[in-house]
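Please read these points with the structure open beside you. They are meant to be followed in order.

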Amino acid sequence: MAYLAFTAWDADTITAAPRPVADPIPAAPTPRPRLSALEWSVVALAAKDPLSSLRTPGRMAVAMGALFGDRRRSALADHRLEALRRIAVLSRHQGYTVAPTEIRAFVAAGFSEDQYELIVDSLRAATRHAGAYA
């Protein structure tokens with residue numbers, strides 16, 4: 001509850017200039033999203049993977065792989081790098097229309113949404129750049 005002393009009112013108090021308010025503390029600049037060299041190599045390798053590399057093979061595919069040799073790329077052993085590979089494959093094929101559940105899984109693996117945007121933007125730039133020379 002606030003208290004105001006009414007007896008302290010005088011002409012000086014009423015006409016006094018307002019005290020300057022201190023400047024708010026400027027927000028610290030947000031760091032730019034980054035990926036390590038290993039993570040960029042996973043993104044580069046995933047740029048060649050088809051969408052089918054994200055599906056788990058059925059019994060028939062496993063049997064055919066055992067008979068004729070498995071040509072399918074297996075998932076990465078590190079769950080964090082596998083989440084990165086998945087989002088890179090999806091981003092290459094779908095751009096910014098990746099399912100929200102996939103983005104949440106990517107963030108749950110320890111990445112940020114800014115890193116997701118960095119991956120999509122870099123894959124789009126690489127696609128445009130490659131298309132200029134084709």
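1. A helix here is a DSSP run of H or I with at least four residues, and helices are numbered from the N terminus. By that rule, Glu82 has its place in helix α4. This is a predicted model, so every point below describes a prediction.

2. Start with the whole chain. The protein has six helices and zero strands, and from the N terminus on its elements run α-α-α-α-α-α. Of its 134 residues, 22% count as buried. Among contacts between residues at least 6 apart in sequence, 70% join residues at least 24 apart.

3. Next, confidence. The mean pLDDT of the protein is 80, and 75% of the residues reach 70 or more. Among the elements, helix α1 (residues 11–15) has the lowest mean, 56, while helix α5 (residues 100–108) has the highest, 95. Please keep both ends of that range in mind when reading the model.

4. Which residues touch the most other members of the largest nonpolar core? They are Val43, Leu84, Ile87, Phe106, Tyr116 and Ile119, out of 21 residues in that core. At least two core residues come from each of α2 (37–46), α4 (79–94), α5 and α6 (113–133). Helix α4 gives the most, with seven residues.

5. Phe106 deserves a separate look. Leaving aside residues up to four places away in sequence, Phe106 touches Ala83, Leu84, Ile87, Phe111, Ser112, Gln115, Tyr116 and Ile119.

6. Now one helix pair. Two packed helices are described by the angle between their axes and the distance between the axes. For α2 and α4 the angle is about 45 degrees, and the axes are 8 Å apart. The angle makes α2 oblique to α4. Their crossing is right-handed. On the α2 side, the residues that meet α4 are Leu38, Glu39, Val42, Val43 and Ala46. On the α4 side, the partners are Arg80, Leu81, Leu84, Arg85, Ala88, Val89 and Arg92.

7. Back to Glu82: is this residue buried or exposed? Buried means under 20% relative accessible area. Glu82 has 12%, so Glu82 is buried. Not counting residues up to four places away in sequence, Glu82 touches Ala75 and Leu76.

8. Last, helix α3 (residues 59–68). Of its ten residues, the number buried is one, so α3 lies largely in the open. After α3 comes Gly69, whose phi is positive, near 95 degrees.

Terms used: Residues are numbered from 1 along each chain as its sequence is written. This is a predicted model: local features need pLDDT of at least 70, side-chain atom pairs count only at pLDDT 80 or more; totals for chains, interfaces and linings use all residues. Side-chain values use heavy atoms; hydrogens and water are left out. pLDDT is the predictor's confidence in each residue, from 0 to 100. A nonpolar core is a set of buried Ala, Val, Leu, Ile, Met, Phe, Trp, Tyr and Cys residues joined through side-chain atoms within 4.5 Å. Buried means under 20% relative accessible area, exposed over 50%, partly exposed in between (1.4 Å probe, protein chains only). Contact means heavy atoms within 4.5 Å. Axes are lines fitted to C-alpha atoms, for helices over the stretch in contact, and angles run from 0 to 180 degrees between N-to-C directions. Angles under 35 degrees count as roughly parallel, over 145 as roughly antiparallel, 65 to 115 as roughly perpendicular and the rest as oblique. A crossing is left-handed if the near helix is turned anticlockwise from the far one by less than a right angle, and right-handed if clockwise.
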